[in-house]
Amino acid sequence: MKKKLLMDIFINPHQVPHYVSYAFLASIILIVVALLVKSSIKLIPSGIQNFMETVIDAILNLCDENIGHHWAKHFFPLIATIALFIAVCNFMGLIPGFASPTSNINTNAAMAIPVFLATHVYGIRVHGLGYLKHFVGPIRSIFALPLMMLMFVIEFIGHLVRPVTLSVRLFGNMVANTTCLQFWACWPLGHPYRHTFARRAVSVIQAFVFTLLATLYLAGAVERGTLNKSP
């Protein structure tokens, strides 16, 4: 079954949505780059190793600054995978004849939902039932029970819409990015590569925004808490 799916993706692409086939391609690119870097690791980095070490170090610092040293390396694989995958998918949309998988909301939802689930799973693992205190605000008084109930409803809705906002924000920006590229390609006096710097900047910024928000959500769930066994 898996073999037939892979054959359909690469031999009969019309049978598979384009965002799925390009997402597979982005994954293959990341795997190949990782293998190339692994096979040519040097004490003094250069070339692609130097570039990848710079990117990985920046993502690790982002986790360290927002989640804390105790949790940074624990969540780093998830955060780094999301960041690199989104960046590659975004840049694929700038290549003529290619499409960006992140311009489809299904791809974005497939990344936002695991982040949403991980946030609350780790929140409960770390704080137990005390995690529910995150939803009622800083007030802890029987006299403020109506206010606490109102805060719980507001926070509950706010947490539910997180995966929606993550998905829609990336989706909207990448669709707009692709639309601008098509507009300039059709404009008589325009050129498809005009304003390329701006489109590249949007691709990087949107990958960073998604990654940063995912990091902050995880940080809010595990703040001031540790697992019984250090990760």
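Q: Which helix is glycine 123 found in?
A: In this predicted model, glycine 123 is found in helix α5, residues 105–127, where helices (H or I, at least four residues) and strands (E, at least two) are DSSP runs numbered from the N terminus. Residues are numbered from 1 along each chain as its sequence is written, and the model being predicted, local features need pLDDT of at least 70, side-chain atom pairs count only at pLDDT 80 or more, and totals for chains, interfaces and linings use all residues. Side-chain values use heavy atoms, with hydrogens and water left out.

Q: Is glycine 123 buried or exposed?
A: Glycine 123 is buried, with a relative accessible area of 0%; buried means under 20% relative accessible area, exposed over 50%, and partly exposed in between, with a 1.4 Å probe and protein chains only.

Q: What about pockets, what volume does the largest one have?
A: The largest pocket has a volume of about 730 Å³. On a 1 Å grid over the protein atoms alone, a cavity is a set of points where a 1.4 Å probe fits but cannot get out, whereas a pocket is an open set with protein on both sides within 12 Å along at least five of seven lines, and lining residues have an atom within 4 Å of a point. Grid points are joined across faces, edges and corners, and the volume is the space filled by probe spheres set on the points.

Q: Which residues lie nearest its centre?
A: Of the 25 residues lining the largest pocket, Met52, Val55, Ile56, Ile59 and Leu84 lie nearest its centre. The elements giving two or more residues to that lining are α2 (18–39), α3 (47–67), α4 and α8 (196–222), and α3 gives the most, with nine residues.

Q: And how do the lining residues divide by type?
A: They divide into 21 nonpolar, two polar and two charged, where Ala, Val, Leu, Ile, Met, Phe, Trp, Tyr, Cys and Pro count as nonpolar, Asp, Glu, Lys and Arg as charged, and the others, Gly among them, as polar.

Q: Going back to Ile59, what is the C-alpha separation between isoleucine 59 and leucine 212?
A: Their C-alpha atoms are separated by 9.5 Å, with the two residues 153 apart along the chain. Leucine 212 lies in helix α8 and counts as partly exposed, at 23% relative accessibility.

Q: Where does α4 bend?
A: Helix α4 bends by about 55° at phenylalanine 75, and proline 77 follows within four residues; the bend at a residue is the angle between axes fitted to the seven residues ending there and the seven starting there. Helix α4 (residues 69–92) has 24 residues and reaches 33 Å from its first C-alpha to its last, close to the 34 Å expected, the expected span being 1.5 Å times one less than the number of residues.
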